[in-house]
Amino acid sequence: MATDRTFVTELATGLGMLGGDDLGATIAARPATFANLGDAEWDRIERLWHAGEHREDFERGIGNGRAFLTAADALNGRRPRIVEWTGPRRAPGDEVVPADLRVDHVYLVSCKYL
């Protein structure tokens with residue numbers, strides 16, 4: 001299981017790509033556009049959001065997700081059709097890209113924050 005910080009940064013980055021001004025409302029809505037999250041993961045991110053301990057990590061991830069949403073070389077302002085969290089599963093074989101998120105079946109995003 002990923003650490004809380006890793007979990008927050010990965011999911012916040014993906015949630016930031018969806019746009020919206022109220023992250024709490026986005027988390028509560030559990031958008032179907034954000035795939036590969038079960039109830040346990042949604043419950044966990046909701047708990048972490050309300051606890052407030054990782055507020056800076058949430059803000060950093062959301063900022064990066066929004067930058068990806070608006071970047072001309074990325075989504076160019078178009079909301080993604082699907083953001084897939086790879087979570088604890090990884091692609092089989094010798095895939096060399098350590099992607100945490102896959103966006104619209106095209107973009108592979110690795111969320112590293114340090």
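Student: Why is D39 called exposed?

Tutor: The relative accessibility of D39 is 57%, and exposed means over 50%, buried under 20% and partly exposed in between, with a 1.4 Å probe and protein chains only, so D39 counts as exposed. This is a predicted model, in which local features need pLDDT of at least 70 and side-chain atom pairs count only at pLDDT 80 or more, while totals for chains, interfaces and linings use all residues. Residues are numbered from 1 along each chain as its sequence is written, and side-chain values use heavy atoms, with hydrogens and water left out.

Student: What makes the contact of D39 with R30 a salt bridge?

Tutor: The term requires a side-chain nitrogen of Lys or Arg within 4 Å of a carboxyl oxygen of Asp or Glu, and the N to O value for D39 and R30 is 3.5 Å, so the pair qualifies. R30 itself is partly exposed, at a relative accessible area of 26%.

Student: How many salt bridges does this rule give?

Tutor: The count comes to 10, and one of them joins D57 and R5, whose closest N and O atoms are 3.2 Å apart. Because D57 lies in helix 4 (residues 55–70) and R5 in helix 1 (residues 4–17), this pair ties together parts that are 52 residues apart in sequence; helices here are DSSP runs of H or I with at least four residues, numbered from the N terminus.

Student: Is D57 buried or exposed?

Tutor: D57 has a relative accessible area of 9%, so D57 is buried, whereas R5, at 31%, counts as partly exposed.

Methods:
Helices (H or I, at least four residues) and strands (E, at least two) are DSSP runs, numbered from the N terminus.
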